[in-house]
Amino acid sequence: MTLENVSHNKTAGGWHKQYRHYSNVLQCDMRFAIFLPPNASSNNPVPVLYWLSGLTCSDENFMQKAGAFKKAAQLGIAIVAPDTSPRGDDVADDESYDLGQGAGFYVDATQSPWSEHYQMYSYISSELPEIIGKNFPVSSIKSLAGHSMGGHGALIIGLKNPQEYKSISAFSPICHPSACPWGEKAFSAYLGAERSHWKKYDACELLKQQTACLPILIDQGDADDFLPEQLNPQALLDAASTSNTSVKLRMQSGYDHSYFFISTFIDEHLEFHAKYMSGQ
């Protein structure tokens, strides 16, 4: 595995760095960004928060807009932000913003032409953490967070792998992708028309079948234009109730779907994860 350092910037006493590497899972070059707090060293490996971004985003959106570095440096948490899909001239794409490159939906596609490269679930849950663990001063302690499509990704990956993570948080997640236009379009393309195959990538369906043993925090703005049609946090609460799972949903008055919203509450999310990463 060869990592190519694309850029590096000192910030909040630590370092933000971008890397490019070839992904064996996705069969293409990929890019990710990592923030390393000032106390991270080979003698002091730090826990990692994996941030999963939303539709049309890359590794850059969160790192440049969320304002997370000062609090992460204070708490001694590394942050890893992967891309949202495979990329490249040979990678299948679509003209619309909500399918194809920039819209991987964190699933392992089974349908042509997507199945060749769109294995984002396996990349995020397996290949990327292995790369991070082997190349950076991080511990085995990790948590998940995300926004919108990435909130969906954080929920399903955490729920499917509770032994691997300490906590999950999300801003404006797509809670029930099997029953919203974004999810129905993506799942039909990537997974096929048989809806039973969609359940393993739907947080609501997963929660109906199991009790989550991970703490979950969700922030949702009540002025979010996508709330009524696409996000459906109430469905997640209903599913959690079915399995007696505790999900903390905070409706935030006046906030929308943007990074203005995320930057307002990101410190609280980092503190939430730090609590569970430290075993409190």
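Predicted model: local features only at pLDDT ≥ 70, side-chain atom pairs only at ≥ 80, totals over all residues.
1. Asn 244 sits in the loop between helix 8 (233-242) and strand 9 (247-252), where helices (H or I, at least four residues) and strands (E, at least two) are DSSP runs numbered from the N terminus. With a relative accessibility of 69%, Asn 244 counts as exposed; exposed means over 50% relative accessible area, buried under 20%, and partly exposed in between, with a 1.4 Å probe and protein chains only.

2. Residues are numbered from 1 along each chain as its sequence is written, and side-chain values use heavy atoms, with hydrogens and water left out.

3. The model contains an open sheet of nine strands in the order 1-2-3-5-4-6-7-8-9, with mixed pairing; two strands pair if DSSP finds at least two bridges between them. Strand 1 (4-11) and strand 9 stand at the edges with a single partner strand each, so one side of each is left without a neighbour in the sheet. On average, neighbouring strands of this sheet are turned by 20° against each other, direction ignored, the axes being lines fitted to C-alpha atoms (for helices over the stretch in contact) and angles running from 0 to 180 degrees between N-to-C directions.

4. Strand 3 (residues 28-36) is mostly covered, since seven of its nine residues are buried. Strand 2 (residues 14-23) runs antiparallel to strand 3 and is joined to it by nine bridges, with Trp 15 standing opposite Leu 36. In the hairpin of these two strands, which has four residues between the strands, Gln 27 takes a positive phi near 55°. Strand 3 is also joined to strand 5 (residues 78-82), again antiparallel, by four bridges, and the bridge partner of Phe 35 in strand 5 is Ile 79.

5. Strand 4 (residues 46-52) and strand 5 run parallel and are joined by three bridges, and Tyr 50 has Val 80 in strand 5 as its bridge partner. Helix 9 (residues 259-277) packs on the sheet, touching strand 4, strand 5, strand 6 (138-147), strand 7 (168-171), strand 8 and strand 9, where contact means heavy atoms within 4.5 Å. The direction of helix 9 makes about 175° with that of strand 7.

6. Thr 56, in the loop between strand 4 and helix 1 (60-65), has a phi near 75°, a positive value in a residue other than glycine, and Thr 56 is exposed, with a relative accessible area of 53%. Tyr 106, in the loop between strand 5 and helix 3, has a positive phi of about 60° although it is not a glycine, yet Tyr 106 is buried, with a relative accessible area of 0%.

7. Pro 113 is likewise found in the loop between strand 5 and helix 3, and the peptide bond that leads from Ser 112 to Pro 113 is cis, with omega near 0°.
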